[in-house]
Amino acid sequence: MTDEALEGEPLAGLRIALPETRQLDVLAQMVERRGAGTWRCPLVSILDTPDQASVRAWLERFNNGAMDDLILLTGEGLRRLAAAAEREGCHEAFVSALAGVRKITRGPKPVNALRELGLKNDLTADEATTEGVMASLREHDLNGRTVGVQLYGEEPNEKLTDFLRHQGAAVDTVAPYVYADESNREQVEALAKGLVRGDLDAIAFTSQAQVKRLMDVAKGIGMEPAVIEALNRLLVVAVGPVVGDRLAQYSVGVDVMPEESWFMKPMVRALIERLAG
């Protein structure tokens with residue numbers, strides 16, 4: 001579909017919930033100018049981890065050449081590490097060390113974050129999931145190597161770290177950021193009730209943390225089964241497979257997801273293509 005096909009109001013009559021936080025206005029404008037009505041409910045925010053001592057210690061090890069490989073799960077994580085290195089006065093050493101290790105990326109966002117530092121990745125996951133990272137690394141000898149892993153939020157990703165250790169690698173993880181609640185609980189409860197009432201036609205998730213927050217609040221008010229049933233009745237849009245996997249954990253199906261480029265504009269494009277079809 002060409003960019004011209006995105007013009008006009010192909011989303012007219014659609015009421016869509018937007019749990020996005022950081023780029024909420026950008027996403028809302030994308031769909032509103034194409035005719036959709038929106039329910040804005042930012043569910044989470046992203047903050048530097050309060051455990052900065054662990055980040056500083058990890059940076060020191062990394063900058064001193066302790067790691068052979070670095071797995072970057074998110075662009076946000078790499079940007080937070082670079083910012084921490086800047087605060088610690090070791091940004092140049094960090095970029096130099098980063099240039100010298102094999103860089104494995106999950107999805108396009110860490111690739112873009114590397115590009116901002118003037119660097120390229122060395123290995124791209126077969127698909128932008130933990131399983132995709134593991135599948136890509138099975139062809140490589142990791143025995144005796146030390147692999148740094150930049151985690152997704154505070155999620156320890158034991159599936160990945162256990163796999164790496166099973167392959168003979170030492171693992172050194174770092175969690176440079178955390179997810180925090182953004183909307184107050186009453187706003188999230190209102191969204192959950194609106195979903196169950198049928199007030200919405202679609203919801204667009206841009207991170208797995210949004211899914212978890214909605215479900216946690218729904219569970220807390222005894223509405224998790226009803227919210228899951230409601231989600232399976234309406235059009236569920238996911239920005240990429242990581243979000244889709246999280247929804248699947250709650251037995252929620254994804255109706256719309258970009259095929260390759262997991263960003264907001266391709267997500268909106270995929271939604272329009274679905275409606276056109």
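**Close-ups of a predicted model**

View 1. Y177 counts as buried, with a relative accessibility of 0% (buried is under 20% relative accessible area, exposed over 50%, partly exposed in between, using a 1.4 Å probe and protein chains only). This is a predicted model, where local features need pLDDT of at least 70, side-chain atom pairs count only at pLDDT 80 or more, and totals for chains, interfaces and linings use all residues. Residues are numbered from 1 along each chain as its sequence is written, and side-chain values use heavy atoms, leaving out hydrogens and water. Y179 is partly exposed at 25%, while Y152 is buried at 12%. The ring centres of Y177 and Y179 sit 5.7 Å apart with planes at 85 degrees, so this pair is edge-to-face (rings of Phe, Tyr and Trp, the last by its six-membered ring, pair if their centres lie within 6.5 Å; planes under 30 degrees apart are stacked, over 60 edge-to-face, the rest tilted).

**View 2. An aromatic cluster.** Here W58, F62 and F94 come together as one aromatic cluster. The count of aromatic pairs comes to four.

**View 3. The largest nonpolar core.** This core has 52 residues, and L191, L195, L214, V227 and L231 have the most contacts inside it (a nonpolar core is a set of buried Ala, Val, Leu, Ile, Met, Phe, Trp, Tyr and Cys residues joined through side-chain atoms within 4.5 Å). Leaving aside neighbours within four places in sequence, L191 is in contact (heavy atoms within 4.5 Å) with A17, W39, C41, L43, L200 and L214. Another core lies apart, with 22 residues, among them V55, L72, L78 and A113.
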